Amino acid sequence: MATAEAAHHEEHHHPSGIMRWITTTNHKDIGTLYLSFSLMMFMVGGAMALVIRAELFQPGLQIVDPHFFNQMTTMHALVMIFGAIMPGFVGFANWMIPMMIGAPDMALPRLNNWSFWILPFAFTMLLGSLFAPGGGPASGWTLYAPLSIQGGMSVDMTILAVHMMGISSVLGAINIVVTVFNMRAPGMTLMKMPLFVWTWLITAYLLIAVMPVLAGAVTMLLTDRHFGTAFFDPAGGGDPVMFQHIFWFFGHPEVYVMILPAFGIISEIIPTFARKPLFGYASMVLAVAGIAFLSFIVWAHHMFTVGMPLIGELFFMYATMLIAVPTGVKVFNWVATMWRGSMTFETPMLFAISVVVLFTIGGLSGLMLAITPADFQYHDTYFVVAHFHYVLFSGAAMAMMGGAYYWLPKWTGHMYDEKLGKLHFWLTAIFFNITFFPQHFLGLAGMPRRIPDYALQFTEFNVMSSIGAFGLGFSQLLLVYVVVKCVRGGEKASAEVWDNPKGLEWTVPSPAPYHTFETPPQVR
Amino acid sequence: MSSSHGGYYLPDPSGWPIIGSIGIFTLALGFMLFLNDVSTGPILMLVGAGVVIFMMFGWFGTVIRESEGGLYNDHVGLSFRMGMMWFIFSEVMFFAAFFGALFYTRQLAVPWLAETDLLWPGFEGGWPTAGPKGPMPIQADTPTADPAQFSTIGPWGIPLLNTAILLFSSVTVTIAHHAIKANQRGTLIFWLAFTVVLGFIFLYFQAYEYAHAYGELGLTLGTGVYGATFFMLTGFHGAHVTIGVIILTVVLLRCMKGHFSPENHFAFEAGAWYWHFVDTVWVGLFIFVYVL
Amino acid sequence: MLMSRSKLSAAIIGLAVPWLPVVPAMADYGLNLPPPVSPIGDEILSLHNLIMLICLIIFVVVFSFMFYSIYAHRKSKGHKAAQFSHSTRLEIVWSVIPFVILVGMAIPSTATLIRMEDTSQADVTVKITGYQWKWRYEYLDHGIAFNSNLSTPRDQIENRSAKGDNYLLEVDRPLVLPTDTKVRFLITANDVIHSWWVPELAVKKDGIPGFINEIWTLIKKPGIYRGQCTELCGKDHGFMPVVVDARSPEDFQAWLAANKQEAAADASAAMAEWSMDDLMAKGKEIYGACAACHGAQGEGVPNVFPPIAGSAVATGPVAQHLEVVMNGRDGTAMQAFKGQLSDTEIAAVVTYQRNSFGNSAGDAVQPADVKALR
Ligand code: HEA
Ligand code: HEA
Ligand code: CUA
Ligand SMILES: [Cu+2]
């Protein structure tokens, strides 16, 4: 298939120690940086979730005051979305895209370094806002005006942090687009690219299109706060709901930014362990493109209760429902890939299967939310919280975990501890459902989201959910342990690692040499 | 230096990105403190801006040296071009947010407010407007000293002139582009310089117009949604023209130093593209902000 | 019929999810939307049950295939992998079938939505305004208006005493509505966005500052219906319940008449000169509305809400104090209270603030002073 290039270059005058990481232009180093950062932020955001769940363990105020609770809710979401999930996927992109398309590196390596190194500063700013006078931002991650206009200095810090994250994401996305279009090995036509590369290409377009819109929205917030503009002030002819429109024009594509690369990872793992080619490659690509297109015209399904004209509600309902069609195609194709395969169930496969099942639960509850009249009952209740944790945690985060197990041997040259991996999987899957499944019932029974205290009839399910959350949280320490253990040593991994997997990355030795494909492989 | 056998230039580790990050962090931190009336804010902003400028000199300087040193091939050039193209697209989307705000307030929010008699009795809506509690609009371009009134800038004076200037500058930069391809350095420098001068003239008029609006028309950033959308759109556009002029000035200096070849002049092209983008946005502004 | 269907789907969820048996006794809390008492509520419940059922069926069908495959097509059982990789016919089929199902869901949804949005021909109109953190109700045709505050004692919230049955879902004055009457709500807000929700009525609508949203309901059964604010509105978002007291039309009329009399009595009280003690007593009561931010002892919340104890405003000139309370401070959580409190109430609360928590301005503010500033 391709010539494995294992030539080890003597590294001249390359900085070592910490400076190696700060100045690196190597896609693998930068991928590692992104992934480590993501794991760290996952822990930080998770710890905040545990504060939320601890307070909600029992009715009454026990641990934190309501103002701090709101800060935790806000920060938990911002850290998870912008700190854990997005950088995590960029880390996968950095490691895998050049290897998958037979490129020597990313197209713009210095820019790549910058995309990463903006992030620690942005998060210093964001997390630092918790220590601002009056505490951190407390308006929810959606930063709705005018609540966010009331906030203190921390809101400004959040806004500027969002600007920085935006720069990072856009530059990172541009790099990926350019890499995919300009760096493919001879013979690697677009329709031969692994699905992971396709999903990232389309995700990158989503990012380039919507991150600047978010920047615009928060800029308007900033000028409303400090420069006397009236974008969101009705007394001056503005409209608070306009913030929501602009925010969700970003926000909805953003949720697909967090799930499309997960679809990509799943589409790599399942064929390997089913020992069968991916079913319906072309329709998978089309489906991703279709989801991305639709994602631009459904944003107002987050705003059914704001009082839109009927015609708008109908349009956004229909458009949102349509997304079930291409997403369904993907689910069916995964099932068809497994069908009549010869399956084994190593940790990555276990994660992949559970992502398919649990994501579908989240997708189906999303479909219920899309039904406008019903959404009047679900909106801003725990039903929504359950929905998005099913798509975000058991969709995005668990896909990433699966991906990590799948490629760890390639990255480190060692096999991870399969026993512990499986244990981590089972603990995660079980505790995840104990945490979030009851939240569907809470929502239906009428528990609003973003509240630090609740009426007595919600107690039992909240207790369950909190117990689940602590189990889920502490199970993730196992993930950290397995990863660290695997980096430090273990059974040597072969180049192929798995049983005859497809893709250029498996043609190079494990661990993948610092420079791969300096001579482009010939793809047939 | 490392370069792949495929000939694609891969840069060595570089310190510029981290310097850039420190720069924008300091700038942002300073700005945030400034907004919250902390006295060290402006100083930090200056330091941050200084670091960012230092980074740009350093980073672009490295790129120029590598380029002039012949390390880049067409493949690398194509990466740069694609990168610039998508960067400009992201800028377009940034403006889209503000155009969206303009359309939304004008077509939806203001008419809805006008219908809401229970809360805003007597508010008629219409455009321009500063909302139910803001000052009342009067005849365009009429000076007003009354704080309860404001007037807007009519399209057919300076804005029309500025439109002509920018459109003409798009032509001049294109002539310069043809000149660079035909290796006519004198013509190139003349038309590029001409473009830069046009850019400066545009900015001068724009500044003059702002002074007029603040000084005589009673039109400010705080004049309701009209003032907000007007100044944010034209202001961000003005900022982009400024960036464009700086880019073109640098390119001009490089032309004078003898950089670029008929085949290889990415920086020139990037600047020219950026300039066309700035022009196009202006045409949108002229139509939607001034004329309609 | 409706009930049994909802029980059925609840049961199906229970079965579809194997880990659910860990749930402790599921005795008396709902697994589904609460039983509705309005026609729209009925429609939404059956719509919900229908789509949930469809989703469950899809889920079961799709994953039956998958789990069968996982069971049968595994390497450990010696299954050899087939090598097929696409089937255009199949792919078309499984795009078209979901599409058809979606159309089937969209039709009843559209019909319900159109009925929900039809607010014409209402007999009673109530304007609802959200404030941080209370609701204000105005019966536009009857000149009655009042605020509705959380009435759960602080001690219960802070776990110093046992929690009552309606913990966090009780208010000092509920919204009283007639049954069997089409009621139209005009919803707005004064500071930030709030959302007014009563699950049993299936009414949820955001109150947007500066704008008015309309929605309607028709309550079929007298009773007390409880809900909450569902849009994050700051610190006490979790503490602004909605309580609707639905009465028969006759009882409602009687209630209206009684309230009109009370309003008239209040107006005459405002003309009178009040004693310091009366003002302080009334002021203490009203201060409950301020305590959410400024603290029960006037201590405030550091860097978020200023203390009243020792505040320059509350110990300085009366005019300035009244100005802040009546007109609020733009762009902060301090709202204009002149629309919410009567002259008497403002006079009382300002007097109270000036002479409590260690403040000792010593002056008594009269309702007439407040009236003069309107
Ligand atoms: C990864 C993130 C992610 C993903 C992928 C999705 C996917 C979807 N989401 Fe979700 N959503 C969020 C993250 C995500 N969402 C978040 C974070 C919020 C809350 C934000 C906030 O307020 O803070 C939210 C909120 C949200 C709302 C607003 C609820 C409210 O606030 O009232 C709605 C409403 O329409 C919605 C709908 C959908 C739909 C229809 C999909 C679809 O894409 C799902 C499609 C998938 C399927 C349908 C399943 C598979 C399909 C089949 C098996 C085919 C057959 C099926 C049928 C024919 C039915 N989502
Ligand atoms: C991107 C994804 C993402 C992920 C992965 C998660 C993960 C989790 N989330 Fe969250 N969540 C959101 C995105 C996400 N969430 C969003 C967008 C919101 C909406 C916010 C808003 O309303 O504005 C939200 C809101 C939200 C709420 C509702 C809050 C409210 O409405 O008030 C709750 C409540 O249960 C919750 C819980 C959890 C839990 C228990 C986890 C668990 O999966 C976390 C697992 C735990 C860990 C990974 C911790 C591991 C670390 C340790 C064990 C170390 C322990 C150390 C110390 C304690 C010092 N989340
Ligand atoms: Cu009011 Cu939430
Ligand atoms: Cu969405």
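Modeller: Let's start with P348(A), which sits in helix α12 (residues 347–370) of chain A; helices here are DSSP runs of H or I with at least four residues, strands are runs of E with at least two, and both are numbered from the N terminus. Before going further, a word on the ground rules: this is a predicted model, local features need pLDDT of at least 70, side-chain atom pairs count only at pLDDT 80 or more, and totals for chains, interfaces and linings use all residues. Residues are numbered from 1 along each chain as its sequence is written, chains are lettered from A and ligands numbered from 1 in the order in which they are written, and side-chain values use heavy atoms, with hydrogens and water left out.

P348(A) counts as buried because its relative accessibility is 0% (buried is under 20% relative accessible area, exposed over 50%, partly exposed in between, with a 1.4 Å probe and protein chains only). Setting aside neighbours within four places in sequence, P348(A) has I269(A), F273(A), G402(A), Y405(A), Y406(A), Y416(A) and W498(A) in contact, meaning heavy atoms within 4.5 Å. Q377(A) is another matter: it lies 29 residues from P348(A) along the chain, and 38 Å separates their C-alpha atoms.

Now to the interface of chain A and chain C. The contact draws on 98 residues of chain A and 99 residues of chain C. About 8500 Å² is buried between them, with carbon and sulfur atoms giving 72%; that is the accessible area (1.4 Å probe) that two parts lose on being put together, summed over both. The rule finds one salt bridge across this interface, a salt bridge being a side-chain nitrogen of Lys or Arg within 4 Å of a carboxyl oxygen of Asp or Glu. The partners are K75(C) and D499(A), whose closest N and O atoms are 3.5 Å apart. There are also 27 residue pairs in polar contact between chain A and chain C, both residues at pLDDT 80 or more. A polar contact is a pair of N or O atoms within 3.5 Å; within protein, one must be able to donate a hydrogen and the other to accept it, and residues adjacent in sequence count only if both atoms are side-chain atoms. On the side of chain A that touches chain C, helix α11 (residues 324–338) gives the most, with nine residues. That side divides into 60 nonpolar, 27 polar and 11 charged residues (Ala, Val, Leu, Ile, Met, Phe, Trp, Tyr, Cys and Pro count as nonpolar, Asp, Glu, Lys and Arg as charged, the others, Gly among them, as polar).

Chain A meets chain B as well, through 67 residues from chain A and 67 residues from chain B. The buried area there is about 5500 Å², 76% of it from carbon and sulfur atoms. R110(A), W114(A) and N182(A) supply 14% of what chain A buries against chain B, more than any other three residues. The salt bridge count for this pair is one, and it joins the side chains of R110(A) and E66(B) at 2.8 Å, N to O. Polar contact links 13 residue pairs between chain A and chain B, both at pLDDT 80 or more. α7(A) gives the most to the side of chain A that touches chain B, with 12 residues. By class, that side has 42 nonpolar, 20 polar and five charged residues.
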